[in-house]
Amino acid sequence: MKESSYDLIIRNGQIVTEDGIFQGDIAVCEQKIVQIGSIPSGRKAKLEIDAFGLHVLPGLIDTHVHFNEPGRTDWEGFYTGSRSLAAGGVTTFFDMPLNSSPPTTSTYGFQVKKEAAIQKSILDFGLWGGLVPGNLDSLEHLKDLGVIGFKGFMSDSGIDEFPHVDDCTLFKGMQKIARLGSILALHAESDVITKQLADWYKSQGNRTARDYVASRPVISEIEAVGRAAAYAEITGCKLHIVHASSGKVIKYISEAKQRGVDITVETCPHYLSFTIEDLERLGGMAKCAPPLREREDVESLWEALKSGEIDIIGSDHSPSPPAMKVASDNGDFFSLWGGISGAQTTLNVMLEEGYWRRGIPLEVIVRVTATNPAKRFGLYPRKGTIAVGSDADLTLVDLQSSFVLKETDLLYRHQQSPYIGKSFRGIVTHTILRGRVVFQRGEIIDSNISGQIV
């Protein structure tokens with residue numbers, strides 16, 4: 001290698017991997033990490049970053065976002081969505097098959113979404129395919145096109161184009177996904193329990209935030225997880241449960257793991273931060289499904305994360321136009337769109353609520369936000385770690401600086417977030433994708449970078 005052949009050198013950083021923290025330098029050439037350790041000062045690069053006082057993490061992988069393009073780009077879109085992720089230290093994301101229209105349940109749906117992402121995303125990306133009644137014959141085609149996995153809903157998704165799976169579709173879909181060597185992600189809430197309870201509460205005129213939470217109890221998640229895990233055990237399908245809202249749910253997933261079921265679980269920053277009281281205070285801005293829970297559920301999730309029972313943190317960024325989050329005159333909380341905008345703040349929440357408040361080691365945060373996602377979805381060691389030969393996807397963080405999140409900080413299409421006004425310790429100073437700086441200290445730096453499908 002020529003003396004001047006490095007594209008980037010990061011010097012004097014505290015390098016954080018899933019296995020430990022050490023001080024050193026990182027050299028990048030042709031999008032890959034080529035050297036880690038002490039790089040002589042005489043070695044030069046096209047760009048050098050002095051990371052003294054900063055921690056260098058693997059770029060985050062957000063496995064769960066809804067950018068809603070095509071068809072509902074006015075809700076978010078790849079352009080603003082990918083930029084908001086970059087501002088939060090994310091370098092790779094997986095976009096869900098809904099709420100785009102058409103959803104990614106067919107080859108056509110995949111192709112139009114992929115084209116939009118290539119044109120507009122500044123980050124690398126994967127695309128989820130959908131499992132819905134009637135599309136079993138499309139699963140193999142979608143797998144051949146390159147979906148990262150498949151997503152299904154066990155309860156009403158909220159949009160007509162993406163109906164929830166009945167038990168027969170779920171079982172047959174899992175059989176087929178297992179044969180394809182792919183993975184199924186599930187929104188695991190019982191449609192029967194949630195629908196019957198919602199109908200009853202509304203029939204009684206009970207339509208408050210607390211009534212909404214009561215209509216989607218933790219047992220509805222537990223029932224759905226148990227059913228899905230049983231099907232996975234029989235079919236051999238790899239299963240990934242998304243947005244578990246309580247440690248009570250995690251318990252049943254851990255038991256399935258002990259039985260040999262190939263199952264992983266994600267939770268989200270909002271379940272690690274907010275409670276029912278916050279939902280009442282914030283209103284539609286904090287409505288989601290499953291809903292926010294009690295303080296004891298929040299703490300039970302942190303305990304599960306500490307013990308290694310939670311595999312992945314995903315933002316479940318699911319934005320909508322602001323008007324869809326405002327209740328009508330009758331105060332019907334059930335009628336509000338459910339979904340939280342959180343793509344930009346995942347790492348901020350993990351540092352503030354996890355590292356600073358609860359003593360969660362940085363290595364654990366790296367594990368659940370980068371390494372485990374890469375391993376579960378077949379990207380490791382190309383992504384999700386800091387190692388020679390890996391993509392130079394890096395996030396630099398100043399742990400000693402703090403800020404209060406303002407509306408104007410947000411790069412979303414709609415600058416709304418339940419975290420506005422919250423103080424965070426830890427600032428993302430640089431986000432680097434394959435050796436190129438895309439975000440630096442509050443600004444998108446290189447808008448000409450085109451993301452690649454992983």
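**Note on strands and helices in a predicted model**

1. In strand β15, isoleucine 432 is the bridge partner of leucine 394. Strands here are DSSP runs of E of at least two residues, and helices are runs of H or I of at least four, numbered from the N terminus. Residues are numbered from 1 along each chain as its sequence is written. The model is predicted: local features need pLDDT of at least 70, side-chain atom pairs count only at pLDDT 80 or more, and totals for chains, interfaces and linings use all residues, while side-chain values use heavy atoms, without hydrogens and water.

2. β14 (residues 394–404) pairs with β15 (residues 423–433) in the antiparallel sense, over eight bridges. Pairing requires at least two DSSP bridges between two strands. β14 also pairs with β5 (residues 55–58), antiparallel, over four bridges. There, leucine 394 is the bridge partner of proline 58.

3. Eight strands form an open sheet with parallel pairing, in the order β6-β7-β8-β9-β10-β11-β12-β13. β6 (60–65) and β13 (312–313) are at the edges with a single partner strand each, so one side of each has no neighbour in the sheet.

4. Helix α7 (residues 218–235) and helix α8 (residues 247–258) pack at about 15°, their axes 9 Å apart. Axes are lines fitted to C-alpha atoms, for helices over the stretch in contact; angles run from 0 to 180 degrees between N-to-C directions. The two helices are therefore roughly parallel (under 35 degrees; over 145 is roughly antiparallel, 65 to 115 roughly perpendicular, the rest oblique).

5. The contact (heavy atoms within 4.5 Å) includes Val225 of α7 and Tyr252 of α8.
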